[in-house]
Structures are given as structure tokens and as C-alpha cells.
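Trainee: I would like to go through this model feature by feature. Please give the general idea each time, then the case at hand.

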Amino acid sequence: KDQTEWLRDKIEELKIKSLALCASYYHLPRAYLTVLKTLIKSGMRVKIIPVSTPTSPGEISPEVNQPQWDLIPGEIERIIKYQEKGDVATLAELKEYLTWLWTTY
């Protein structure tokens, strides 16, 4: 959340209209939804394009010394937990945003 608030400030400061959000494939959904929620709370509309870093799902994550496949369940649990706290966009918010996004192309 702190990182997304920093990003929000940079988006505003630099008047960014679109961005590519890069993260590992297992973390990308939570990162995307957290950035989206921060922008929603700020009333900002920015095109966010998700980009997965090119890594094998079986590659060992250096942070936790586990295959990246094994990290997916934890990300799902965190998405649910942080949605309840109001820090991660809900499915309804994602749908509304994606509808807006695709009408701008």
C-alpha cells in the first residue's frame, strides 16, 4: 500500500496518463488491484497495463526460497484480507475499471 501511494503521488506530479505495471506473475494480480484501489480512492483514472516479468513458474523465488507456483495461494489469501481492509480493489471495482479502460481504446 505504501508503494502504491508513492506511485499515486508520482502519477499526479508527472501527470502520467498510462503506465505498465511490472511484477512477477504470482504477485501481479495483488499489485494491480492495490494500485487500482489507491487510484480509485484518489479519484484518479489512469490506464494500467499489467506486464508479468518473464520467469518460470517453477523458478525458486529468492525472497522465500520456494518455487513461484507455491506462492500463489498466499497471494490469494492476501488479496482477500486486504480487500476486507479496503486496500485492494474488489471484483466489482475491477469490472467497472476494465469497462472504462476498454472504452478508451
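Mentor: Side chains of opposite charge can pair when their charged atoms come close. A salt bridge here is a side-chain nitrogen of Lys or Arg within 4 Å of a carboxyl oxygen of Asp or Glu. K85 and D87 form one, with their closest N and O atoms 3.8 Å apart. This is a predicted model, in which local features need pLDDT of at least 70 and side-chain atom pairs count only at pLDDT 80 or more, while totals for chains, interfaces and linings use all residues. Residues are numbered from 1 along each chain as its sequence is written, and side-chain values use heavy atoms, with hydrogens and water left out.

Trainee: Is K85 buried or exposed, and what of D87?

Mentor: Buried means under 20% relative accessible area, exposed over 50%, and partly exposed in between (1.4 Å probe, protein chains only). K85 has 56% and is exposed, whereas D87 has 12% and counts as buried.

Trainee: How many salt bridges does the structure hold, and which distant parts of the chain does the K37 and E93 pair link?

Mentor: There are 9 salt bridges. The side chains of K37 and E93 meet at 2.7 Å, N to O, linking helix α2 to helix α4 across 56 residues. K37 is buried, with a relative accessible area of 12%.

Trainee: At what angle do α2 and α4 pack?

Mentor: Axes are lines fitted to C-alpha atoms, for helices over the stretch in contact, and angles run from 0 to 180 degrees between N-to-C directions. For α2 (residues 28-41) and α4 the angle is about 80 degrees, with the axes 11 Å apart. The two helices are therefore roughly perpendicular, a label for 65 to 115 degrees; under 35 is roughly parallel, over 145 roughly antiparallel, and the rest oblique.

Trainee: Which residues of α2 and α4 meet?

Mentor: Contact means heavy atoms within 4.5 Å. Y32, L33, L36, K37 and I40 of α2 meet E93, L94, Y97, L98 and L101 of α4.

Notes: Helix = DSSP H or I, 4+ residues; strand = E, 2+ residues; numbered from the N terminus.
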